[in-house]
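Thanks for making time for this.

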Amino acid sequence: MKKMSIWIFSGLVSLLTFISLVNVAGACSWLFYEPEVPAKLRQ
Amino acid sequence: MKKVFLSAADFLGNKAGLTGEDLEVVAYGLEVAFSNLLGLSLALCGGIFLGNSTEVLTAALVWLLIRRSAGGAHCKTLWRCVLVSTVSLLTVGKGALWLAAALDRQLLLPAVALGSAFTLTVMLNRAPAESPRRPFLAAARRQYLRRRAILTAAILSLLLLGGGFLTANAYGSLLLAAVLGMVTAGIAVTPAGYRLLATVDFFLDFSGNKIWPGKGGEKE
């Protein structure tokens with residue numbers, strides 16, 4: 001059970017990191033809101 | 001609102017063994033996913049209620065394609081953004097339906113050509129528009145986004161003109177929704193678009209503070 005929860009949380013974190021990377025690759029967010037880009041993702 | 005996303009990222013990160021800057025990246029992903037999903041869901045619900053959901057979805061898709069490359073004006077807080085995006089998409093959807101009914105079929109293609117010419121001109125002169133929250137630090141990246149924005153606008157214009165011609169304007173409202181989506185995304189890149197959105201943002205902040213003092217004007 002514990003192993004499965006680690007998998008689920010790791011998958012969720014990977015998905016959110018993927019969304020961050022895809023979003024930061026474009027010029028801006030899709031709608032009219034632009035969150036502050038984390039220092040680690042600034043180019 | 002940022003604190004909520006950071007807390008959620010902290011919870012997820014602890015379970016997955018992340019620390020420091022990686023948590024900020026997860027919180028950013030959470031904020032982006034939440035704001036976009038919320039805006040799109042509200043616009044879609046509004047579209048279903050008003051009977052123009054396909055036009056709203058078409059305009060949203062065109063926005064996605066153009067704004068990802070060209071950038072544009074932004075609101076300062078999530079809730080104001082969701083409100084402005086939803087109202088804008090619903091207005092574009094309703095406007096497309098109204099124009100499709102009011103315009104003569106012969107005038108649809110010239111309208112598409114006019115909207116495409118406007119967007120292409122804006123892309124050639126203004127794209128990509130920089131946001132203070134996401135500065136382009138590398139010149140090569142700016143150049144890449146500029147080329148992408150022009151190419152996207154050109155391909156979309158060709159697709160819409162070709163689609164309108166081949167279908168003999170049978171899907172006039174969808175065609176106009178796409179063109180109006182292109183034009184609004186183009187306006188958001190111009191200085192006038194930035195001023196307009198800043199005024200709306202200021203007005204919403206002011207009204208929020210009046211309705212709910214201390215809380216309505218949400219902190220950035």
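Predicted model: local features only at pLDDT ≥ 70, side-chain atom pairs only at ≥ 80, totals over all residues.

Let me begin with the interface, where 41 residues of chain B are in contact with 29 residues of chain A, contact meaning that two C-beta atoms, placed from the backbone, lie within 7 Å. Residues are numbered from 1 along each chain as its sequence is written, and chains are lettered from A and ligands numbered from 1 in the order in which they are written.

On the side of chain B that touches chain A, the largest share, 13 residues, comes from H2(B), where helices are DSSP runs of H or I with at least four residues, numbered from the N terminus. By class, that side has 21 nonpolar, 11 polar and nine charged residues; here Ala, Val, Leu, Ile, Met, Phe, Trp, Tyr, Cys and Pro count as nonpolar, Asp, Glu, Lys and Arg as charged, and the others, Gly among them, as polar.

From chain A, helix H1 covers residues 2–25, and A:Val13, A:Leu16, A:Ser20 and A:Asn23 are buried in it, that is, each has 20 or more other C-beta atoms within 10 Å of its own. What covers the buried residues of H1(A) includes helices H1 and H2 of chain B. Looking from the other chain, B:Ala16 in helix H1 of chain B counts as buried because it has 20 C-beta neighbours inside 10 Å, and, leaving aside neighbours within four places in sequence, B:Ala16 is in contact with A:Phe9, A:Ser10 and A:Val13.

Now to the packing of two helices in chain B. The axes of H2(B) and H3(B), which are lines fitted to C-alpha atoms over the stretch in contact, come within 7 Å and cross at roughly 150 degrees, with angles running from 0 to 180 degrees between N-to-C directions. The two helices are therefore roughly antiparallel to each other, a label given to angles over 145 degrees. Among the residues making this contact are B:Leu40 and B:Ala43 of H2(B) and B:Val56 and B:Leu57 of H3(B), and by class the contact has seven nonpolar, two polar and no charged residues.

Terms used:
Expected span 1.5 Å × (residues − 1). Buried ≥ 20, exposed ≤ 12 C-beta atoms within 10 Å, placed from the backbone. Parallel < 35°, antiparallel > 145°, perpendicular 65-115°, else oblique.
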